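Hi everyone, thanks for coming.

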Amino acid sequence: MTVMDSSMYVQVLAFILLYSKYHCLGVASYPAETIMIGAMLSSDEENTELQQAIRDLNQNNRILPGRYELNVTSIVMDNNPIQSALTVCEMLIPKQVYAVISSHTKELYLSSVSVSYTCGFYHIPVIGISARESIFSDKDIHKSYLRTVPPYSHQAYVWADIVDAFGWKQVVVMTTNDQDGRSILTLLRRTLEEHADLYKFEIEKAIQFKHGETNMTKYLVEAKTCQATVVLLYASEQDATNIYNDAHRLNMTRAGYAWIVTEQSITGNALQFAPEGLLAIKLHGGTNTSAHISDALKVVAKGYHSYLQTDGPTNSGPPQHCRTDVPWESGHIFYKNMVEAIIPHGSIGRIEFDSSGDMIAADYKIENLQNGNLVQIGSWMAGSDPVDIHKPNSIVWPGGARTPPVGFEISNHFRVVSIKSHPFTYVDPTLDDGSCLEDDALECTDHEGNAKCCSGFCMDLLVKLSTKLNFTFEVHLVTDENYGAYERINGTNKKTWTGLIGELVNERADMIVAPLTINQERTKVMDFSKPYKYQGLAILIKRPINTNNLSQVVRPFETKLWIVIFASIHLVAVILYLLDRFSPFSRPKRNQDEPDSCNISQAVWFTWSVMFNSGVGEGTPRSFAARVLGVVWAGFAMIIVASYTANLAAYLVLDKPKGGIMGINDARIRNPSASFKYATVQRSSVETYFKRQVELSSMYLFMKDRNYKNAQDAIDALKRDEIQAFIWDSAMLDYEAARDCSLVTVGELFGRSGFGIGLRFNSPWTYKMSLKILNFHENGVMEELDSKWIRRHNICSRSDDQPRTLEMSSMGGVFILVAGGLVFSCFCIWVEILYKRKQDAKKRQLDLARVAVENWRSTVKVRLNFQAKLQELLTKERRRAGKMLNQVSQSSAAEKHNGVQGPAALEKEMDGTMPACLLSRRSQRSKLPPPPTAASRWNSAGHSAAMQARQPLYGEFELKERV
C-alpha cells in the first residue's frame, strides 16, 4: 500500500466514523459545531472588525478543529453600567455564550466593570481588548477576566530597565494616589527589592498627588529638594499637563533633569506642554483594536480546544439565563484553559498571560520628544536584555543637552531626624517667648509639630559639620521614638523599617544625627559615615552598697592568720620573759646601779612595740638569748606589717565594687530565669544583635517581652529593682554611671561597633561626611565634645576601670578601730579609778580600826593604871582610916570609959572631921564617864579624828591632883 492510499484510507475511515456518530445521535447533517461567544464593543466599527475576524478565524483550521466554528453575538455597549448588565443578561447569556469580548473607553469604564462583574458571577470568561486599569487584575471582583493588553502598572518594568540602562542611581517617582498609581509604584518597589542584584538604583522619594488637582507646585517643590534629577511620572492627560506647566516655572525642565513618562502622560493636550527631551513609553500596538480583537478570538479558540481535550464534553454548557444564582460549573475550567493559552505569533506579538489574566509579554516603544514630535529611539521587549536604544547619540535631553544627565544634584539642605537620648540629644521645652534657655540649643519639632529645644553631643556635631561642609538643615524628632527595626506590619507578611531608619527609607528625612549604631542590616538600605564615636555593648546594674567597713581593714589577712599573729605576740612575750628571767647574765652585779631583768608586762609591751614599729623606751631584754629572739621577732614583724600594708592598699585603692554579675558570660545572663531579670530597648540595634546571634537566642527570647520603649524607662526600672540589669550601648551607660553613683557598668564590652551619621543610600554626601568626621577625630573636636557633654556630668569620684580615691567609707574601719581603742581605754581608766577608790576605802577602814584599837588600848591602860592607883590610894586611905579608927576606938574606949557610946556616934563625930579632899573625890567618881566601847567608836566618820586627838581621860598629873 502506497502512502497516498494510506492517506485516502484514513480519510475515508474518518468520514465513516463521523457519519455513523452523527446519524446515531440524530444530529443535523452539517459537519461543524458552533461555539457561541458574545461581544460588548464600544462602536459599530469595532463590531465590523469583529465579524471579519470571526470569518478569518473560522477559515483557519490550525486553531479550531475542522468540525467547530465560532459565532458571535455583538452589542454596542451603553455608557449606563446598569443597562449594560441587563443587556448581558437579556441578549448574551440566553445564547449560552462561552466567553464575552469586552471593549473599553474612558467613558465606558463603569460599563466595562459591570459587564465583567455580571459575567464573572456566572463564571463566564471575559476577555478585554483595551482595558488597562489595575482594578481588572483584582480576582476578588473580576473573577474570570483576562485581557490582551497589559495593565498600566506593567510600565514599571520598562522604567526599571531604562534607568538601569543609563546608569542612574536615584530617581524621584510621581504618581497619582489612585489604584493605578499605587499599583505602578508598588510594582516598581517590588521589582527593585526582588532583583536587587540586577538594579542598582533606589527610589529617593515617592510623591503621590490627588487626581484632578490643579496646583502641582507643592509636589514639584518636594521633588526639587531631592538630590535625584530623574523623574518618573505616571499621570493622566490633565494631571500631566498641570505638572509640566508648574515644572517649567520651577526650572525643573532645564539641563540636568531627565523625565520618563508613561503612555497616558503624553497623549492629547499633555503633549503640547511636555518638556523637550523627555522619554515616553508606548505600548506597541496598544491602539490597534482590530489586532486585539483578532488575538482575543484566537485565545478563545485556543482555550476551547484545550477545554475539549480535558473535561469539556462531559460537563454542562454555559447558563441560559440570569434567573438563577448557580454559576457555570465548568466556567472556571474554561477560564483556566484560556489563561494557559499561548499564541506565539499574534497580531501584536506573543500572547501570554500570568495567573491574573494579564499580558506578560507585551512590547513597548521608547520615544523621545524632539521639537514637539515623538521620535522612537528604542524599544523594550521582555527578556534578558530588554532595552534596545537604537540611536543613543540622537537623543535630545531637557535643556537641549546631547549627553545623558548624571541623574543627581547635591542638595545643600537636609531634613535631619534625631531621637531623645542623653547625652547625645536633650529635648527641652521652649520659653514663653519661643526661645531656648541654652545658647547652643537648636530649634526642633516633635512628632506633633510642637517647637522644642534640642541640644547635646549630636546637635553640636551637626552644627560643626554644617559649618565645615556648607549645608543648611532643619531638625525634627522621630515619630515613634524608636531607633529602627525591620518588622512586619500588623501581622502581615509585608515588612518595613520603623523608627529613625523608617524616616530615612520612607523619605521623610535626609539625614539621621543620633546615637545610631552601624550594623549590617541597616547598611543594606542606607549609608553610614565613618563612626564619630566608637563603643560597644555593656551591662548596667545597681552598685552594691558596702555596709561592713571594718571588714575592709581586717580583710588583707584571713581569720586564722589573725589568730596566729595575736597568739605569737603573747607567746614570744612569755618566752622573752622566761629567757631573761633564768639567764644568769640578766641580773646586775653588786655595786652596779642597773635595772633588773624585764618582767612579764615589759615583755608584752616589747613585743607589741616591735610589731607596730614604735620605740621601746624601757624593759628591753638583757640576756643574749632573749635579744636574739627579739631580733628575729623584729624581722617577723617587718614582714607581717609590709604584707598587710600591701594587701590593704590593694583592697582599698584597686578594689572594684562587686556587681551581681561578671559580664555577658555570667551564668545568670546566659541562663535566664525569673529571679534575675534583664532587658534592653525594643526595636533597637541591641535587640537585633541578640536576635541574629544563635548562641544568644535564649537571651533574646527572654528579653523580647520585657524590653522597654526607650533607655530612660529601662534605667528607671533598674533603679526601682523591676529589673536587675540593663544591656545597652556602652557610651550611654558610662554616662549614666558617671552621673548616678548608685549605678555601675560590669564586665567587658561586647558587640563592638560605632555611632555614625545616617544618609540616603548612595548619597554623594557620605564621602564628605566621613572625611570631615575623620578630620574631627584628628583635630580633637570629638574630645572637646566628649568633655563638654559626657565627662562634665561625672559627679562620681572615679570610674570603675581606674584606681579609686580613698573615701571616708573606705577607711571607716580604721576609725572604728581607733574609736574602739578610745572606748576601751576609757573603760580601763574607769576600772582603775574604781579599783583605786576601793583600795583607798579599805585602807582608810584599816587605819580607822587601827587608831580605834590603839585608842581603846590606851584608854584601857589608863583605866587600869587609874584603878591600880585608886586601889592603892584606897588601900592607903583604909590603912590610914584603920589607923585612925584604931586611934578612935582607942579614944572611944577611953571616952566610953569617959562616957561616949557606940561607933555611930563615932562616925557622926567623924563626919565633921573627914578631909575635904576625900569628899570631893567621891563626888567626882560618881560623875566619871564609862570606858569607851567599839560601837561608840564607829558611830560616825568624824569620831575617828576626835579619837585620834583625844587625850587620856585622866592624866597622871590630874590623878595626882585628884588623889
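Let's start with a contact, meaning heavy atoms within 4.5 Å: Q155, A156, Y157, W159 and A160 of helix 5 touch I184, L187, L188 and T191 of helix 6. Sorted by class, that contact holds 7 nonpolar, 2 polar and no charged residues. Here Ala, Val, Leu, Ile, Met, Phe, Trp, Tyr, Cys and Pro count as nonpolar, Asp, Glu, Lys and Arg as charged, and the others, Gly among them, as polar. Helices are DSSP runs of H or I with at least four residues, and strands are E runs of at least two, numbered from the N terminus.

A quick word on the source: this is a predicted model, where local features need pLDDT of at least 70 and side-chain atom pairs count only at pLDDT 80 or more, while totals for chains, interfaces and linings use all residues. Residues are numbered from 1 along each chain as its sequence is written, and side-chain values use heavy atoms, leaving out hydrogens and water.

How do the axes of helix 5 and helix 6 cross? They come within 8 Å and cross at roughly 45°; axes are lines fitted to C-alpha atoms, for helices over the stretch in contact, with angles from 0 to 180 degrees between N-to-C directions. The two helices are therefore oblique to each other, since under 35 degrees is roughly parallel, over 145 roughly antiparallel, 65 to 115 roughly perpendicular, and the rest oblique.

Now the lining of the largest pocket: helix 6 gives the largest share, 7 residues. By class, that lining has 18 nonpolar, 10 polar and 21 charged residues.
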